[in-house]
Amino acid sequence: VDYVVMLLPVTLLDGKIHIEQRGSQAVLETDFGLRVTYEWAWHLGIEVPSSYYGNLCGMCGNFNGNSQDEMVSPNGTVFTTVQEWSQAWKAYDDEALSYDSCIGYCPQCSSENRQLYQGPKYCGSLQTIFQSCHAKVDHTPFLESCIDDVCLYQGQSFMLCQVLAAYSTECQKQGIAITKWREKMDCCESLCVCVCECV
């Protein structure tokens, strides 16, 4: 907090902001209903109360129920690529580790590798094992992210398992439990994870 390392839980501004760890997530909650979850590895979730319906803008979209009109700049320009959209909302600062383009060696995913990682032994499992969740949680952005990330990490299973866990978490939030996916995809960090999931 303000460049000071603090142990969780932390309460700030007379209780207006509370941050704690819950399971594998860091959770920030405010007195006006904003909830931000971060799964330490890479998945970030942002939730706001329904009173904000249609009153948001930025990288989380406009919260109007229409996913087709989300990529709009601060001045109203409509974008067709995530890269253009994200550039329009970039907050400029002097952060040395913040950059928009690849400098030097820029890893690429070959079409052969994309096809491999899109298959059922990798990210394609989102289309089969998790099919019962598709009506509630769109798997397409998870699939695209999975292919890109797993490819850049050259098929390492921890990256695949992180994406699948993130999708599984979103399914669980909608009341849909996908059982035994960790076993099927060899995503058991320990025996307890798979045993506990099966119970």
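**Entry 1: Gln25**

I started with Gln25, which is buried, with a relative accessible area of 13%. I kept in mind that this is a predicted model. I then looked up where Gln25 sits, and found it in strand β3, residues 25-30. Next I listed its contacts, leaving aside neighbours within four places in sequence: Glu20, Thr37, Tyr38, Glu39, Trp40 and Thr169.

**Entry 2: the whole chain**

The protein chain has seven helices and five strands. Reading along the sequence, I noted the pattern β-β-β-β-β-α-α-α-α-α-α-α. I also checked burial: of the 199 residues in the protein chain, 27% are buried. For contacts with a separation of 6 or more, I found that 34% are between residues 24 or more positions apart.

**Entry 3: salt bridges**

How many salt bridges are there? I noted eight.

I looked at Glu29 and Arg22 to begin with, a salt bridge whose closest N and O atoms are 2.8 Å apart. Glu29 is partly exposed at 25% relative accessible area, and Arg22 is partly exposed too, at 32%.

Then I turned to Asp148 and Arg114, whose side chains meet in a salt bridge at 2.7 Å, N to O. This pair links distant parts of the chain: Asp148 is in helix α4 (residues 140-152) and Arg114 is in helix α2 (residues 111-117), 34 residues apart. Asp148 has a relative accessible area of 34% and is partly exposed; Arg114, at 27%, is partly exposed as well.

Lys173 and Glu170 gave me another salt bridge, at 3.2 Å from N to O. Both of these residues lie in helix α5 (residues 157-173), three residues apart, which is about one turn of the helix. I put Lys173 down as partly exposed, at 38% relative accessibility.

Which residues are linked in a network of salt bridges? My list reads Glu20, Arg22, Glu29, Arg35, Glu47, Glu170 and Lys173. I was pleased to meet Glu20 again, having already noted it as a contact of Gln25.

**Entry 4: the nonpolar core**

I moved on to the largest nonpolar core, which has 26 residues. Leu126, Leu164 and Tyr167 touch the most other members. Helices α4 and α5 each supply at least two residues of this core. The most comes from α5, with nine residues.

Not counting residues up to four places away in sequence, Tyr167 touches Leu126, Phe130, Cys133, His134, Val137, Asp138, His139 and Phe142.

**Entry 5: the largest pocket**

My last search was for open space. Rolling a probe the size of a water molecule over the atoms shows where empty space is left. The largest pocket came out with a volume of about 2,200 Å³. There are 38 residues lining this pocket, and the closest to its centre are Leu44, Met59, Cys60, Trp85 and Pro141. The elements giving two or more residues to the lining are β5 (44-47), α1 (82-88), α4 and α5.

What kinds of residue make up the lining of the largest pocket? I wrote down 18 nonpolar, 13 polar and seven charged.

How values were computed
Residues numbered from 1 in each chain as written. Predicted model: local features only at pLDDT ≥ 70, side-chain atom pairs only at ≥ 80, totals over all residues. Heavy atoms only, no water. Salt bridge = Lys/Arg side-chain N within 4 Å of Asp/Glu carboxyl O. Buried < 20%, exposed > 50% of the residue type's maximum accessible area, 1.4 Å probe, protein only. Helix = DSSP H or I, 4+ residues; strand = E, 2+ residues; numbered from the N terminus. 1 Å grid on protein atoms, 1.4 Å probe; cavity = no way out; pocket = protein on both sides within 12 Å on 5 of 7 lines; lining within 4 Å. Points joined across faces, edges and corners; volume = space filled by probe spheres on them. Nonpolar A, V, L, I, M, F, W, Y, C, P; charged D, E, K, R; others polar. Core = buried A, V, L, I, M, F, W, Y, C linked by side-chain atoms within 4.5 Å. Contact = heavy atoms within 4.5 Å.
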